[in-house]
Amino acid sequence: MKTLKTIMASAVAMSLALGGSAMAEGAKIGMITTLSGGGAGLGVDVRDGFMLAIEQAGRDDVEVVIEDDARKPDLAVQIADKMIQSEKVDILTGIIWSNLAMAVIPSAVAQGKIYVSPNAGPSALAGKGCNANYFNVAWQNDNLHEAMGAYANVAEYTNTFILAPNYPAGQDALNGFKREYRGQLAGEVFTKLGATDYAAEIAQIRDSGADSVFFFLPGGMGIAFMKQYAASGVDLPVMGPAFSFDQGILGAVGDAALGVRNSSQWSKDIDNETNNAFVTSFQEKYERLPSLYASQGFDAANLILSALDKADVKDTEAFSAALKEADFKSTRGDFKFGNNNHPIQDIYVREVVKEGDVLTNKILGLALTDHQDAYAEDCPLQ
């Protein structure tokens, strides 16, 4: 198992200090994320965005322990148990994949731990399974897919072929798209999680009579699909959520991604002071443009830090209330939680463009405004 353990000690205090602000006691944070194998780039970006925020805060009373789950649910559970029982962490964060989130989060919050998700937002944890100690700073899984369903209507697509991997986030993805989409489906396919050969699916698309394609294939899955799709000669417009067309993915996909429309609650060209500073500082520190995942890691850390300024993390009820206030400056601008501790937020449509030699995204407009997930009404929290 590849393990990375980072302890924020006095050296961190040399960076941008929170001069003179009143603070409660610090915290020990356990980050379980994917740092090796398929999808490692997503975990690396979450980690780097999170640690940039911790560094900029300049606090010497925040300790972050980081371990690699290798995208394996059983390993993630083992690490979580160790962090809770042996490491005595106060807060858990970091998981990318929804099947890992479902394996870890219910047990963690049942043990009285706070979990702040910088990514995975399965529907089962947003409705009846919501919890006062579970917060998602990114989205509920369906949200970006709902936005693309709404966009498909505007684009006047009436016979879309949809596909996603067969795991909780993939199921949420297609349900989300269908919730907003008003047209017919030329086909609906669930692929194997982690698949890299999409010849059969592309053949189905070719023969389906579709006028467009929507897919959710995060990480290496999306890279493989887009390369094979571009080489196949099938010439239907492609739509997807940011997961398959985000900054860390585009370099590997190449020019096949140009012109693709995708949905995101964040983009590097959101023009506010916090986002502009984040993009600049991330690029300076890591020598690459930030991704959606990096922005979510950065926001997750700043959410936690904002709560630490108001409440003692050992007082779980008070700390959860402080998290709920979301009194931090988000890269997205205004930020608020719904009753189920998931964001209510704007979701944009972006287009993949080239800036010089670099593939990136440009906002075209809003797909959904102040959007809340469909499961919040089933959550008993206020």
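Guide: Strands here are DSSP runs of E with at least two residues, numbered from the N terminus. By that count, Asp 370 lies in strand 12, residues 358-371. Keep in mind that this is a predicted model.

Visitor: What is the phi of Asp 370, and is the residue buried, partly exposed or exposed?
Guide: Most residues other than glycine have a negative phi. Asp 370 is not a glycine, yet its phi is positive, about 45 degrees. Asp 370 has 48% relative accessibility, so it counts as partly exposed.

Visitor: Where is Glu 287 found, and is it buried or exposed?
Guide: Glu 287 also has a positive phi without being glycine, near 60 degrees. It is found in the loop between helix 9 (273-286) and helix 10. Its relative accessible area is 74%, so Glu 287 is exposed.

Visitor: How are helix 10 and helix 11 oriented to each other?
Guide: Helix 10 spans residues 292-308 and helix 11 spans residues 316-325. Their axes come within 8 Å and cross at roughly 125 degrees. That angle falls between the perpendicular range, 65 to 115, and the antiparallel range, over 145. The two helices are therefore oblique.

Visitor: How many aromatic pairs does a search of the whole structure find?
Guide: The search finds ring pairs that link Trp 97, Trp 139, Tyr 167, Phe 216 and Phe 243 into a cluster. Over the whole structure, the number of aromatic pairs is 18.

Visitor: What geometry does the pair of Tyr 115 and Tyr 134 have?
Guide: The ring centres of Tyr 115 and Tyr 134 are 6.4 Å apart, with 35 degrees between the planes. Tyr 115 is in strand 4 and Tyr 134 in strand 5, 19 residues apart. Tyr 115 is buried at 1% relative accessible area, and Tyr 134 is buried at 1% as well. Stacked needs under 30 degrees and edge-to-face over 60, so this pair is tilted.

Visitor: What geometry does the pair of Phe 335 and Phe 337 have?
Guide: Both Phe 335 and Phe 337 are buried. Their centres are 5.1 Å apart, and the planes stand at 85 degrees. Over 60 degrees counts as edge-to-face, so the pair is edge-to-face.

Definitions and conventions. Residues are numbered from 1 along each chain as its sequence is written. This is a predicted model: local features need pLDDT of at least 70, side-chain atom pairs count only at pLDDT 80 or more; totals for chains, interfaces and linings use all residues. Side-chain values use heavy atoms; hydrogens and water are left out. Axes are lines fitted to C-alpha atoms, for helices over the stretch in contact, and angles run from 0 to 180 degrees between N-to-C directions. Helices (H or I, at least four residues) and strands (E, at least two) are DSSP runs, numbered from the N terminus. Angles under 35 degrees count as roughly parallel, over 145 as roughly antiparallel, 65 to 115 as roughly perpendicular and the rest as oblique. Rings of Phe, Tyr and Trp (its six-membered ring) pair if their centres lie within 6.5 Å; planes under 30 degrees apart count as stacked, over 60 as edge-to-face and the rest as tilted. Buried means under 20% relative accessible area, exposed over 50%, partly exposed in between (1.4 Å probe, protein chains only).
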